[in-house]
Every structure is written in C-alpha cells, then in structure tokens.
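Biologist: I have a model open and some questions about it. Shall we go through them one by one?

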Amino acid sequence: IDDNMSFGLGVNSPFGLKTEYDDDWVGRYHAILSDLKTININPSLGYRVSDKVSIGGGISVMLADVELSSAVDFGSICAFLQNAQGIAPAAACNSPGDPSFDGLGELEADNYDDVGLGFNVGLTYMVSNMTTIGVAYRSKVDIDVDGDADFSTADGVPGQIVQGIVVDGGGLFKDTGLGAKVTLPASLSVSVAHRVDKFTWLADATWTGWSSFDELRIEYDNPAQPDTVTTENWDDSWRYSVGFDYQATDALVLRAGLALDETPIPSSELRTPRIPGDDRTWVSLGLTYVASDTFSFDVGYSHLFIDDVDIDNTLESAVPTVNATLTGEYEAEVDIVSAQLNWNLD
C-alpha cells in the first residue's frame, strides 16, 4: 500500500482429515468414513513500525465441509425396543449385534450459510541484523454446520423387521436434518531465526488449545432421534521444531528440519477410530532454486514417524444394549511431498 504498509490475502486449509475403513470391519459401529475439509480465507494487513518492528493482523473466514458414516447396530436396537416397549411381535428381532441386521448412517453437513469467523495477529522483532524473533496468534473459530442424515437398513427380512420395529414403530433413524457445533482451537507460536554465514538456524514452539474440543455432538431435527455424542476431552498440545536453511549458491537454498508434535488425545479410552492420532516426529528436507529474476521453485518432503498406540474406546449410545468397545493397536506413518512455483511479475 505504501512504504510501511502491505495487504495480503491467504487461502489455506488449516484443519482437515480423512479416515476410511471397510464397511464390515470390526469397528464399523464407531466409524467407517470421516472426511473433514476446511478452507480459511485470510485477508490481512502488515505495518512496519520501525526498522526493527513489524506488526500485522487479519480476519479468518472459515468454511467447513464434513462427511461422517458408520454402521448402525440395528440388531441390538431392534431387540431393545421389542423387549422394552413391546412394539413388535414376539421373537421378530432377537439378534443383538447380528451383522445381517446392520444398517448405515451417512451424515453430510457444512457451514456455508453461517461461516466461522476468527482473527490472527503477529509481530516480528529484529534483535540484530542476524537475529529475528516472531510471535503469531490465531484465535479459536466456532464452526456451526447444518446438513442431512440419511439412514438405510439391511436388505431382505432383517431390513423389513428393522423398518417395522425401529423406523415405523419407534420413529427412529428416519432421514432428517442435523446440526453440529465444534470449536477449532486457538494457537500461539514463538519463532526465532539466526543467521551465521551461509546458515540460517531456525526454531519454533507452537501451543494449540485443543482443550476446546470437548465433545462431538450431532443434533437431529427428528425429535425421536437421540443426539449422537462422542466425548473427546482433548488436552492442549505443543509442537517443537528446529531446522536450518543453507545458502549453497546464489541460486540454491537447501533446508532440513526436525519437529516433535504432541498428540492432544489424552488416553486410549478417548481415542476414536475417526482420529486415531498419537505423538509424531517430523523429519523434513527441502530446497529453493531461483531459476531467474522471474521464476523460482520450492520442493519439500516430510516423513512422519508416529508412535504405535492403543485404542480402547466404547461406543456411546442411548440404547444400553449397544455397547461395542473397540480394542486394539494402531500403526501409522505419513509421507508428504510438496512443490511450489513462484512467478514474480515485477
């Protein structure tokens, strides 16, 4: 805008996940598909206060789209309704946990009609020509999604029994609208860069306020349908990283880094198959090559070593007989490859 003020616009995806399992896997009542996408549109202003200090701030406009699915244990639900309420003929449904009675629940929702809003602020301070310190804060963002729930029953006789007892008789698991709220966390980062000859040494510590994620509750427009609730009770977490840039030539910069990323999930009982995370160690390599005054490109690679982790999560249900507990161990690793082309129009 002028010598001291700049405008910027960033569009990124700060939160996202996808996990998908076979329809008949042992934990199908907990989760089959979990797919969350977010897009953050972030206009911002930066102002150079002095030769040493610059400040900035912006507004976050967060869009979210989510898909969730899981199997429904209609065998248990059907038997419970028959025994507790006597709404079905005798022995019509006596198969709790019978896979032949399984149905499917598919939920889709977004917040396009009520976008989430937040803000971010930052500061950089040049301690000297060799050392710069940065501080950045991003606020939490409340996400309020609306969408639809589609339920389907099994084929053949089991599906007909479930339709009569559960859907028609009990008024449950009818296709309906839904709503859900979740708070995406605030974060605070402190970073330092220190240049020595051809090396720039880098370090960062980031706190993320995941304790705002206490539960995932889905509320249905159908008054007969109980809320779907998953207790999360996550903890705040820290991420620590160190690395360096090496100016190999005038045109080539080489990079490497190491990060320790704590999981916010406090226990195996609160770990769910939708987000079965654990502590991660990042090892990263990259480079920038300046091909000309107009073009440059960056490439990067990261491998995430993830600790093996136990899960012992019990499905929360309004029906006492649906008490599936998923017990086991997760093994995981991640590879990330990225590339970027920069075109300077000046």
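Biologist: Is Pro-14 buried, partly exposed or exposed, and why?

Modeller: First, this is a predicted model: local features need pLDDT of at least 70, side-chain atom pairs count only at pLDDT 80 or more, and totals for chains, interfaces and linings use all residues. Residues are numbered from 1 along each chain as its sequence is written, and side-chain values use heavy atoms, with hydrogens and water left out. Buried means under 20% relative accessible area, exposed over 50%, and partly exposed in between (1.4 Å probe, protein chains only). Pro-14 has a relative accessible area of 39%, so the residue is partly exposed.

Biologist: Which residues is Pro-14 in contact with, leaving aside neighbours within four places in sequence?

Modeller: Pro-14 sits in the loop between strand 1 (5-12) and strand 2 (16-20). Strands here are DSSP runs of E, at least two residues, numbered from the N terminus. Contact means heavy atoms within 4.5 Å. With those neighbours left aside, the partners of Pro-14 are Thr-38, Asn-40 and Met-62.

Biologist: Why does the pair of Trp-210 and Phe-213 count as tilted?

Modeller: The whole structure holds 16 aromatic pairs. Rings of Phe, Tyr and Trp (its six-membered ring) pair if their centres lie within 6.5 Å; planes under 30 degrees apart are stacked, over 60 edge-to-face, and the rest tilted. For Trp-210 and Phe-213 the centres are 6.4 Å apart, and the pair is tilted because the planes are at 55°.

Biologist: At what distance from the ring centre of Trp-282 does the charged end of Arg-239 sit?

Modeller: A charge sits over a ring if NZ of Lys or CZ of Arg is within 6 Å of the ring centre and within 35 degrees of the ring normal. Arg-28 lies over the face of Tyr-29, at 4.8 Å. For Arg-239 over Trp-282, the distance is 5.0 Å.

Biologist: Which residue in the turn between strand 10 and strand 11 has a positive phi?

Modeller: Two strands pair if DSSP finds at least two bridges between them. Strand 10 (residues 187-196) is antiparallel to strand 7 (residues 131-138), over eight bridges. Strand 10 also runs antiparallel to strand 11 (residues 199-208), joined by 10 bridges. Two residues lie between strand 10 and strand 11 in a hairpin, and the turn residue with a positive phi, about 55°, is Asp-197.

Methods. Helices (H or I, at least four residues) and strands (E, at least two) are DSSP runs, numbered from the N terminus.
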